[in-house]
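Subject: Structure handover

Hi,

Here is the structure for you to open. My notes on what turned up follow below it.

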Amino acid sequence: MSIGISGIGSYIPKVTSPNKDFEEHSFLTNDGSPLDYNNDVIIEKFKAITGIQERRYAKKDLNTSDLGYFAAREAIKDAKIDPEELDYIIFAHNFGNVSHGQSQSDTVPSLATRVKHSLKIKNPNCVAYDMLFGCPGWIEGIIQANAFIKSGIAKKCLVIGAETLSRVVDEHDRDSMIYSDGAGACIIEDSEEAGEILAHASATYTNEEAYYLFFGESYNKAIGNKTKYIKMYGRKIYEFALNHVPQAMKKCLDKSGVSIGDVKKIFIHQANEKMDEAIVKRFYKLYRMPVPKGIMPMNIRELGNSSVATVPTLFDMVKNGKIENQHIDKGDVVIFASVGAGMNINTIVYRC
């Protein structure tokens with residue numbers, strides 16, 4: 001079987017928020033006291049570490065399921081399939097639909113169900129469900145779709161990764177500058193026109209790591225504890241990623257039988273530019289090799305961190321020539337890799 005991606009699509013929200021939008025924010029520490037630096041210094045340090053210069057936010061009248069639907073339409077169109085042929089719709093997200101100005105997450109019905117409804121799919125045997133796996137959710141959805149097809153349970157699956165993190169950020173937390181909105185989707189099927197999943201690996205670490213990302217109170221103590229926001233221990237996540245992701249990538253590549261020299265691109269979760277660069281450097285160090293020029297496409301500078309949407313969005317942009325000096329050809333071997341809440345890690349070695 002040659003199970004792979006026969007269609008890819010993404011949705012980039014229209015609202016652009018540059019770093020200067022945060023110049024008037026009141027950033028606080030976790031105990032509620034003001035930070036020691038002026039905002040221009042905070043923003044400049046933030047840019048130097050993360051690489052983020054601007055991010056995208058969904059329009060007020062759109063929600064996570066809408067973004068996922070837009071990306072799904074593009075993937076279906078790219079694959080040239082009838083949506084009625086889909087056996088599964090797997091929607092990876094973390095916070096469901098959080099309407100603009102609201103704090104409550106809406107996950108009933110599932111976001112996958114809402115996409116199926118929007119696509120006007122009548123086939124009741126098209127099963128729609130959501131996946132909560134942190135930022136690696138889209139990659140894990142592909143791994144599940146691959147298993148369904150291998151086992152004969154399915155022939156065609158739609159895998160979506162979408163998020164509107166702008167709805168769950170604490171404006172008093174400088175980490176709020178990291179997060180953005182977006183959506184990516186793909187069709188997975190056994191087809192000669194698709195690529196091929198050569199190997200995959202996943203892991204979950206929960207001893208010390210389970211609550212590195214969590215839902216917590218605002219740093220502004222006057223707000224109270226009724227509303228929760230996305231929070232993280234950034235330094236711990238950084239160290240965790242550097243210690244575990246390169247080894248996971250090596251394990252997967254070795255399992256695939258592909259030589260490190262044959263890897264053309266690495267599509268890694270767009271969480272932090274410096275972190276991603278360090279992960280890839282350590283990965284190649286495991287093979288006692290320097291990092292090849294141009295091996296790691298990036299779009300975090302313009303799009304920020306949209307969680308489960310970063311990898312499919314990046315892959316779609318490179319595949320369709322939307323990132324300067326980056327392209328992939330039929331037959332190229334690439335690696336997908338991600339790390340996030342859980343703490344979860346996964347990776348796929350894929351032939352385009």
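Gly68 is found in helix H2. Helices here are DSSP runs of H or I with at least four residues, strands are runs of E with at least two, and both are numbered from the N terminus. Gly68 counts as buried because its relative accessibility is 0%. Buried means under 20% relative accessible area, exposed means over 50%, and partly exposed lies in between (1.4 Å probe, protein chains only). The C-alpha atoms of Gly68 and Glu163 are separated by 8.2 Å. Along the chain, these two residues are 95 apart.

Before going on, a word on the source. This is a predicted model, in which local features need pLDDT of at least 70 and side-chain atom pairs count only at pLDDT 80 or more, while totals for chains, interfaces and linings use all residues. Residues are numbered from 1 along each chain as its sequence is written, and side-chain values use heavy atoms, with hydrogens and water left out.

**Strand E6**

Glu163 brings us to strand E6, residues 156–164. How many of its nine residues are buried? Nine of the nine are, so the strand is mostly covered by the definition above. Both faces are covered. On one side sit Lys156, Leu158, Ile160, Ala162 and Thr164. On the other are Cys157, Val159, Gly161 and Glu163.

E6 has partners. Two strands pair if DSSP finds at least two bridges between them. Strand E4 (residues 88–92) runs parallel to E6, joined by five bridges. Within that pairing, Tyr88 has Cys157 as its bridge partner. Strand E7 (residues 181–190) runs antiparallel to E6, joined by nine bridges. There, Glu163 is partnered by Gly182.

**Salt bridges**

Side chains of opposite charge can pair when their charged atoms come close. A salt bridge is counted when a side-chain nitrogen of Lys or Arg lies within 4 Å of a carboxyl oxygen of Asp or Glu. The whole structure holds nine of them.

Which residues form a network of salt bridges? Glu85, Lys156 and Glu189 are linked in one. Take its two contacts in turn.

- Glu85 and Lys156 meet at 3.3 Å, N to O.
- Glu189 and Lys156 meet at 3.7 Å, N to O. This pair also links distant parts of the chain, with Glu189 in strand E7 and Lys156 in strand E6, 33 residues apart.

Glu85 counts as partly exposed because its relative accessibility is 38%. Lys156 is buried, at 17%. Glu189 is buried too, as is Lys156.

One more salt bridge is worth a look. Asp78 and Lys319 meet at 3.9 Å, N to O. Asp78 is in helix H2 (residues 64–79) and Lys319 in helix H8 (residues 310–319), 241 residues apart. Asp78 is partly exposed at 28% relative accessibility. Lys319 is partly exposed at 40%.

**Backbone exceptions**

Most residues other than glycine have a negative phi, and most peptide bonds are trans. Some residues here depart from that.

Where are the cis bonds? The peptide bond from Val108 to Pro109 is cis, with omega near 0°. Pro109 is in the loop between E4 and helix H3 (111–118). Another cis bond joins Gly342 and Met343, with omega about -5°. Met343 is in the loop between strand E12 (333–340) and strand E13 (344–351).

- Lys80 has phi near 60°. Lys80 lies in the loop between H2 and E4. Lys80 is exposed, at 73% relative accessible area.
- Ser307 has phi of about 60°. Ser307 is in the loop between helix H7 (300–303) and H8. Ser307 counts as buried, at 2% relative accessibility.

Best wishes
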